[in-house]
Amino acid sequence: MFFDTHAHYDDPRFDSDRHTLLPKIHADCVDLIVNSGESRKAVHAGVALAHQYPFLYTAVGIHPHYAKDMTEEDLELLRSTALTEDKVVAIGEIGLDYHYDNSPRRLQRYWFDEQLGLAEQLNLPVIIHSREAAQECFDMIAQSKVRQGVIHCYSGSVEMAKQYVEMGFYLGIGGVLTYNNAKKLVEVVQQIDLSRLVLETDCPYLAPVPCRGQRNDSSLLKYVAEKMAAIKGLSIEEIAAQTKQNGLDLFFGGKNPLS
Ligand code: NI
């Protein structure tokens, strides 16, 4: 039913039950999952999971948190993995995080730009992480030649959302939509056409209400879809079908790889 376009099933919080949880989620409610990369370790783990589960695909990228340790060798690892593993569907998650500032901003910008360049060379979509760096992140993307991808966990203004959509990007919408203080995001979902929105968990993080604070997983996407359905005046089934098609358009050229 759902397409979870952003998950972290390699996270240690899934170590105890990953291999019972994933088949159950797939049987119950989720047709496809894209696991997001964030580190060297996560790139290898994501590829291993993708080999194990036909319905799970993976992205490769180095998160801005780890920019301070990124090397040319890592960039080559991303390139060779994307070229040799056919279940790699995107470069990500990449971007800027000025909230935590775990890496110096100069290095975050440098490696973000390098990875945008890689996505362009490989003609792959990007998965963008942007936190408290909205304008700078937007400017760097606009200045690059990349025009396919998703702004994961979108948190910017309606105005910027429209500009991203105009450039060809999708907006990733997750648990935050269900939070009490999500006024701005509700407005974004109201204003942006459903054809440009995709659902995501970012699990194990950002569980939606009524499970906020607990470990998130793809089965909880129904709460995000429910909220989106209420905002758009549509049924959950309509939200599921359209956002799934958007994910297929974004990562698979419109075709379901499983059918
Ligand atoms: Ni993530």
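How much space lies in the second largest pocket? About 160 Å³, where a volume is the space filled by probe spheres set on grid points joined across faces, edges and corners. A pocket here is an open set of points on a 1 Å grid over the protein atoms alone, with protein on both sides within 12 Å along at least five of seven lines, and its lining residues have an atom within 4 Å of a point.

Before going further, note that this is a predicted model, where local features need pLDDT of at least 70, side-chain atom pairs count only at pLDDT 80 or more, and totals for chains, interfaces and linings use all residues. Residues are numbered from 1 along each chain as its sequence is written, and side-chain values use heavy atoms, with hydrogens and water left out.

Back to that second largest pocket: its lining includes H8, D10, E38, K41 and Y66. By class, the lining holds five charged, four nonpolar and two polar residues (Ala, Val, Leu, Ile, Met, Phe, Trp, Tyr, Cys and Pro count as nonpolar, Asp, Glu, Lys and Arg as charged, the others, Gly among them, as polar).

Now for the largest pocket, with about 800 Å³ of space. It has 32 lining residues, and H129, R131, C153, D202 and L206 are the closest to its centre. Fourteen of the lining residues are nonpolar, ten polar and eight charged.

Finally, there is one cavity of 30 Å³ or more, a cavity being a set of points where a 1.4 Å probe fits but cannot get out. Its lining includes H63, W111 and F112, and no charged residues.
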